Amino acid sequence: MLKTIVFLMTLLTAFPVYALDGTALLKQVDRNLNPESYDMYRKLINVEPDGKKKEFTLFSAKKGVDKVAALFLAPASEKGRSTLRLGDNMWLFIPNVGKPIRITSLQSVVGGVFNNADILNLDYAAEYDVVRVDDSGKEYLLFLKAKNKNVAYDQIKMWVDKGKKLPIKVECLTEANMLIKTLYFKDHKDFGGGIVRPAVIETDSPLYKGYKSVMIFAKIKKRSFKDEVFTLTYMPNLESLR
Amino acid sequence: MKRNVILFLILLLFFPAAALAEESYTFDTSETEKKPYHFGGYVELRPVLNVLDKDAALYQLQYYRDPRSTLMEWNGRFQLEGSYEKGIGSVFVKTNTDLRYSSFANGNERTAIFDGYGTLKPSPSWKVEVGKKTLKWGKGYAWNPVNFIDRPKDPYDPDLPIEGYIMATMDYIRSFDGPLKTFSFTPVIVPVYDHINDDFGVNNRINAAGKVYLLLYDMDLDFIFAADGSRTARMGMDFSRNITTSFEIHGELAYIKGYQQPFLDNAGVLQSRTQNVVSGLMGIRHLTTFDLTTILEYYHNGMGYSADDMKNYYNYIRQGYNGYQSTGNTQMLNVAQNLATGGYGRLSPMEDYLQLRLSQKEPFDILYFTPAVTFMFNLDDQSYNITPELLYTGITNLELRLRAGFIRGSRDTEFGEKANDYRFEFRAGYYF
């Protein structure tokens, strides 16, 4: 009898969290971060332990759940390079090489802590299932599991601001629970068109002790594209979208 | 208060990163403003030290008048590019100047327009380009047997830019939902006349070629053809696919009809044979969790020479060299030099090769530092070339590369008969 009462009380206290639809919450977080189809500019800064920096400027376009393209605008050594993601497929186009080559999500076209999956990120809900949601007062803690083996991180822990429904911190983990990197979402900004979101993502990693990478967002705006823009043949022409 | 300041200064002194952690980052969006024009360029200095093999046939062919044990080369490269875009039209030009100085060849300079074309893009599905450009067909890293139109790339430095041909091309792209995600068709016209692509093949021909690209079941597939014209007819296909997130496979297959190959028979008489040949490539690219990239490729060159063909060629050079030493007659060596430009001197002149490249990204947490080693094996004669290299790209727009080459093989083998035993190269390139 006592066991039954304890069980019912446990169920009762746990109910508000289980009542929360984790998938709906994650989709809401995705939409608050970006419109489903948009273009934007980003600056990536790799910071070394001695403070030395290397910066990259990118133009990005995304359509739907699985199409993303990015074009490097600076520095001069990277200008004209473009990357394309169609679902699990990723390619890199280097003007000198002259043809797209397949790359993987765990590689990094810029070096530093951000990898290709971070640069060509899809919606979290497109790649991860919510397995648990913890309610810790001001925040939700979402435990995400990759939908398949092709996803860059097997598990993700996401701390979400309850009011704003935006991520505060994301930990990326391997299947064996090893921490690969932590993303910190900072500096909420109004980008116009109803888009209010963090303008800076910082990341560090126990695999790169003392190093840090920063992604700064600008000019995020809703935009529709034709599907043909997200093809290998179009990769050398992404500049014409700007 | 004073204590806090002292504490902060100590922190700043010993943990500069901790102080930087609170730095606020800015993004001046004016740098994202699009201009209709663009100018840029690249300048490179590349000194090379060659340690020569005096017994090698290609040494005897190259240095018979001026014997030496080492050769220092000073190479420079200067590239300028510019573009202008207005509405649906744009133009792009890229020039390349190569400078070379050595005590053997003295100084020489060559300037060429590598690319120079106009583009019309009425919609994302259609594009027309006319001018000088490259196509870069194929999926292989070191070789591309299906690249029927472009000049061949250097398998020892495959990312180097190459000079294009004058042509007209068109792209038609369609995207779909379902297993076939992308379809594109690229027809190409390459005219060959006096002063227009006159090194492409037989003169006074208009050459037609084309490529159909499919992204089908997450696999890149190309079907390629080049009709009979300045060169004989050829067709082929290539593919590339990720098996896992870190494992890619690719391949190419080419069929060349009526390929005419000059060769020396074992009596040293120049002959020619015409045959239909098949070339192919199979390769993998793998990335480990600790960022080691492995590229392994097998290449069968249907247009290549057999070990016996090459042996006849090397014997011919030796006879010429001995004849020059005893009589001063250079006739045979001149013939051998002409044959080198006709096929024996290609970068991969024989039939079967294996290339293994291992590159480790940022070892020991050294950002932008990539050591690599490339093994090139000639499977026909078991000779090989090992190329270790160190690449550093940590300074914005500057690329520094140190490379060595260890060229090994017994007599009458491709790498055994190369003019040099060792090669040391430093390359400093700056983009602007």
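**View 1. Four salt bridges cross the interface of chain B and chain A in this predicted model.** A salt bridge is a side-chain nitrogen of Lys or Arg within 4 Å of a carboxyl oxygen of Asp or Glu. In one such salt bridge, the side chains of A:Lys43 and B:Glu31 meet at 3.2 Å, N to O. The model is predicted: local features need pLDDT of at least 70, side-chain atom pairs count only at pLDDT 80 or more, and totals for chains, interfaces and linings use all residues. Residues are numbered from 1 along each chain as its sequence is written, chains are lettered from A in the order in which they are written, and side-chain values use heavy atoms, with hydrogens and water left out.

**View 2. Chain B and chain A bury about 5400 Å² between them.** Buried area is the accessible area (1.4 Å probe) that two parts lose on being put together, summed over both. Carbon and sulfur atoms hold 52% of the buried area. On the chain B side, B:Tyr25, B:Phe27 and B:Thr245 lose the most area to chain A, together 14% of what that side buries. In contact (heavy atoms within 4.5 Å) are 64 residues of chain B and 61 residues of chain A.

**View 3. Strand E5 (residues 126-133) of chain B pairs with strands E4 and E6.** Strands are DSSP runs (E, at least two residues), numbered from the N terminus, and two of them pair if DSSP finds at least two bridges between them. E4(B) (residues 106-123) runs antiparallel to E5(B), with six bridges, and a hairpin of two residues joins them. E6(B) (residues 165-175) is also antiparallel to E5(B), over eight bridges. B:Lys132 stands opposite B:Gly116 and has B:Ile166 as its bridge partner in E6(B).

Note on methods. Helices (H or I, at least four residues) and strands (E, at least two) are DSSP runs, numbered from the N terminus.
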